[in-house]
Amino acid sequence: MAIVTLVLGNSGSGKSYSMHNLDPRLCGVINVMGKPLPFRAGRDFRKLNTDNAYEINDRLPTFRAPIVIIDDFQYVMANEFMRGVTDEGAGNAVFQRFNRIGQNAWNILNTAINQTDPNQRIYILSHIEEVEGKTKIKTMGKMLDEKIVLEGMVTIVLQTAIRNGEHHFMTKNDGTTTVKTPHEMFSNELIPNDLNAVDDAICDYYGLIKDPSQRAETI
């Protein structure tokens, strides 16, 4: 059972860039849109370029990297929706398509949580949307929001914030987000948008070995 963290935010708010201090040797990236990462060392990261929900779900348990990143998760749903826009059908067929998209997203998150190594950390980067004055992970259709609530499946939800031109992660919920972190994992409500520092905090909090190749030296 890996530690799964949702990292949420609008496009351009620093989600993908937050990877820039991670050691590429420790990472595997599921690159949903196949985009270059927005920093120079991004070319050194091992990537699986796919937006196919079934492939992602099948491959996740096979990843041996201690850190796995899915970037950007919402396009797994959005691309599947767009590919079916011109399909003929109405009523129940459309309803079933939304159900399939929702089930595929749930399957990926459920697999990440329950079918991966306990020492792995999985970061799922995704966009947000505002619903009734509150920001949440962007989804397709109502099933994931009304029946599941993806944020409820994980313990850690971070959201990007820009203050005075500086990029941060929010660690505390102010009532307008779905942000949440374990008690005393972070002392500040805003932290730098540095996924490596976040990973250090998670490893320290849960007693995980950041780099399994150093296990013998650590012991």
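This section describes the nonpolar cores, one set of paired strands and the salt bridges of a predicted model. Residues are numbered from 1 along each chain as its sequence is written, and side-chain values use heavy atoms, with hydrogens and water left out. Because the model is predicted, local features need pLDDT of at least 70 and side-chain atom pairs count only at pLDDT 80 or more, whereas totals for chains, interfaces and linings use all residues.

In soluble globular proteins, nonpolar side chains tend to be buried together. A nonpolar core is here a set of buried Ala, Val, Leu, Ile, Met, Phe, Trp, Tyr and Cys residues joined through side-chain atoms within 4.5 Å. Buried means under 20% relative accessible area, exposed over 50%, and partly exposed in between (1.4 Å probe, protein chains only). The largest nonpolar core holds 31 residues, of which Val4, Leu60, Ile70, Phe73, Ile108, Ile122 and Ile124 touch the most other members. Two or more residues of this core are given by each of strand E1 (3-8), helix H1 (53-59), strand E4 (67-71), helix H2 (74-83), helix H3 (92-114) and strand E5 (121-126). Helices (H or I, at least four residues) and strands (E, at least two) are DSSP runs, numbered from the N terminus. H3 supplies the largest share of this core, 6 residues. Apart from this core lies another, of 26 residues, which includes Cys27, Ile69, Phe169 and Leu195.

Contacts (heavy atoms within 4.5 Å) were listed for Leu60 without counting residues up to four places away in sequence. On this basis Leu60 touches Ile30, Val68, Ile70, Ile108, Thr111, Ala112, Thr116 and Ile122.

Strand E8 (residues 156-163) has 6 of its 8 residues buried, so this strand is largely enclosed by the rest of the structure. Two strands pair if DSSP finds at least two bridges between them. E1 and E8 run parallel and are joined by 4 bridges, with Thr5 opposite Ile156 in E8. E8 and strand E9 (residues 166-170) run antiparallel and are joined by 5 bridges; Arg163 stands opposite Glu166 in E9. The hairpin of E8 and E9 has 2 residues between the strands, and Asn164 takes a positive phi near 50 degrees there.

The structure holds 10 salt bridges, each defined as a side-chain nitrogen of Lys or Arg within 4 Å of a carboxyl oxygen of Asp or Glu. One of these joins the side chains of Arg25 and Asp23 (2.7 Å, N to O). Arg25 is exposed at 55% relative accessibility, while Asp23 is partly exposed at 27%.

Another salt bridge links Asp199 and Arg121, with the closest N and O atoms 2.9 Å apart. Asp199 lies in helix H5 and Arg121 in strand E5, so the pair ties together parts that are 78 residues apart in sequence. Asp199 is buried, with a relative accessible area of 0%, and Arg121 is buried, with a value of 0%.

Lys210 forms a salt bridge with Asp200, the closest N and O atoms being 3.1 Å apart. Lys210 lies in the loop between H5 and helix H6 (215-218) and Asp200 in helix H5, so this pair ties together parts that are 10 residues apart in sequence. Lys210 is partly exposed at 22% relative accessibility, as is Asp200 at 35%. Through shared partners, salt bridges join Arg121, Asp199, Asp200 and Lys210 into one network.

Asn196 is found in helix H5 (residues 195-206) and is buried, with a relative accessible area of 17%. Not counting residues up to four places away in sequence, Asn196 touches Ser18, Asn21, Leu22 and Lys210.
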